[in-house]
Amino acid sequence: MRAHFCGTRGSTPVSGTAQSRYGGYTSCVAVAHRGQPPALVLDAGTGLQQLSPVLGGQPFRGTILLGHLHWDHTHGMPFFRSGAQPGHRVDVYLPEQGTDPEELLARAISPPHFPIRPGQLGEGWTFNAISPGHHEFEGFSVDAREIPHKGGRTFGYRVSDGEGSLAYLSDHSPIGLGPGPDGLGAYHEAALALTEGVDLLVHDCQHTAAEFPRVAFLGHSAIEYAVGLAQQAGARRLALFHHDPWRTDAEIDELAAKHAGGPVRVFAAYDGLSVDLP
């Protein structure tokens, strides 16, 4: 299978020469079967707009799994051109929270904050709840687990096609379950289960260990935690993801180089990157 990184920035989209190589679109990773267009999408940040060129302007027919409902993971939906083409099918799933899914999304996407509600995006859009456990979507095997993150129920996902596997923990605050061995958070059961032996771990890298004491309250991870988790779980590769919006290309280069050369191959994801798995 192939993972298309459509948006790799965290918290808010950015634009500028200092962030031009890694990009400024927010969280969105599209997954495709070999030789086919992407049909499974992880999060719908502003990077979702960048999936339309990957599809060659054709209508999207598939599923979007939202990890949680923060703005930087949902605000690409109204601007998804392939989700408005004739023949589209867009089945959106979000963590079950005891409330109608469309109504939950409408708290951010509806007047007076936005011109329309999610239910007005098109007749081919559906809005559904997903619970922790094993699921099948678009020919992929998907495991959903609740992971700690500040400000609403959050899921991590593991996706497999029987040959390759990808773990997606975009927004992750492991310190919520204890300090762990380095004070950066616990290597807890859900994170280890999602990541065990995975071909590619896509993980929150918003902060560094040096920054962490003053920003831990924001609910994200340190890069050093992501590296440690990948090593603990036996992941083969780690994609640093959800870059701090103020992090420059040069700074991301430096951080990726700092963690290269260990037992897990570490690289920084950028908007437009495609990775084949395994």
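Reader: What covers the buried residues of helix H6?

Author: The cover of those H6 residues includes helix H5 (223-233), strand E12 (237-241) and strand E13 (265-268). Please keep in mind that this is a predicted model.

Reader: Which residues of H6 are buried?

Author: Helix H6 spans residues 249-258, and its buried residues are Asp-249, Ile-252, Leu-255 and Ala-256. Viewed down the axis of H6, the buried residues fall within an arc of 125 degrees, so they line one face of the helix.

Reader: Why would residues a few places apart point the same way?

Author: An α-helix has 3.6 residues a turn, so residues three or four places apart point the same way.

Reader: And what does the face turned away from the buried side of H6 carry?

Author: That face carries the exposed residues Ala-250, Glu-254, Ala-257 and Lys-258.

Reader: Let me change topic to strand E1. Is E1 mostly covered or mostly uncovered?

Author: Strand E1, residues 2-7, is mostly covered, with five of its six residues buried.

Reader: Which strands is E1 joined to?

Author: Five bridges join E1 to strand E2, residues 28-32, and the two run antiparallel. E1 is also joined by three bridges to strand E14, residues 274-276, again in an antiparallel arrangement.

Reader: Where do Tyr-168 and Phe-241 lie?

Author: Tyr-168 belongs to strand E10 (residues 165-169) and Phe-241 to strand E12, so their pair ties together parts that are 73 residues apart in sequence. Both Tyr-168 and Phe-241 are buried.

Reader: Which residues form a cluster through ring pairs?

Author: Phe-5, Tyr-168 and Phe-241 are linked into a cluster by ring pairs. Phe-5 is the residue that stands opposite Val-29 in E2.

Reader: Now for charged side chains. How many salt bridges are there?

Author: The count comes to twelve salt bridges. One of them joins the side chains of Arg-34 and Glu-163, at 3.3 Å from N to O. Arg-34 lies in the loop between E2 and strand E3 (40-42), and Glu-163 in the loop between E9 and E10, so this pair ties together parts that are 129 residues apart in sequence.

Reader: Are Arg-34 and Glu-163 buried or exposed?

Author: Arg-34 is exposed, with a relative accessible area of 62%. Glu-163 is exposed as well, with a relative accessible area of 54%.

Reader: Which residues are linked in a network of salt bridges?

Author: Arg-89, Asp-91 and Glu-138 are linked in such a network. Within it, the side chains of Arg-89 and Asp-91 meet at 2.7 Å, N to O. Arg-89 counts as partly exposed at 25% relative accessibility, while Asp-91 is buried, with a relative accessible area of 15%.

Reader: What does Arg-153 form a salt bridge with?

Author: Its partner is Glu-96, the closest N and O atoms being 3.9 Å apart. Arg-153 lies in the loop between strand E8 (140-146) and E9, and Glu-96 in the loop between strand E5 (89-95) and helix H2 (101-106), so the pair ties together parts that are 57 residues apart in sequence. Arg-153 is partly exposed at 23% relative accessibility, and Glu-96 is partly exposed with a relative accessible area of 31%.

Reader: One last residue, please. Where is Arg-158 found, and is it buried or exposed?

Author: Arg-158 is in strand E9, residues 155-160. Arg-158 is buried, with a relative accessible area of 17%.

Reader: What does Arg-158 touch?

Author: Leaving aside residues up to four places away in sequence, Arg-158 touches a set of residues that includes Ser-141, Val-142, Asp-143, Leu-166, Leu-194 and Glu-196. The C-alpha atoms of Arg-158 and Val-142 are separated by 5.6 Å, although the two residues are 16 residues apart along the chain. As for Glu-196, the side chain of Arg-158 reaches its backbone oxygen at 2.9 Å.

Key
Residues are numbered from 1 along each chain as its sequence is written. This is a predicted model: local features need pLDDT of at least 70, side-chain atom pairs count only at pLDDT 80 or more; totals for chains, interfaces and linings use all residues. Side-chain values use heavy atoms; hydrogens and water are left out. Buried means under 20% relative accessible area, exposed over 50%, partly exposed in between (1.4 Å probe, protein chains only). Helices (H or I, at least four residues) and strands (E, at least two) are DSSP runs, numbered from the N terminus. Two strands pair if DSSP finds at least two bridges between them. The arc is that of the directions from the helix axis to the C-beta atoms. Contact means heavy atoms within 4.5 Å. A polar contact is a pair of N or O atoms within 3.5 Å; within protein, one must be able to donate a hydrogen and the other to accept it, and residues adjacent in sequence count only if both atoms are side-chain atoms. Rings of Phe, Tyr and Trp (its six-membered ring) pair if their centres lie within 6.5 Å; planes under 30 degrees apart count as stacked, over 60 as edge-to-face and the rest as tilted. A salt bridge is a side-chain nitrogen of Lys or Arg within 4 Å of a carboxyl oxygen of Asp or Glu.
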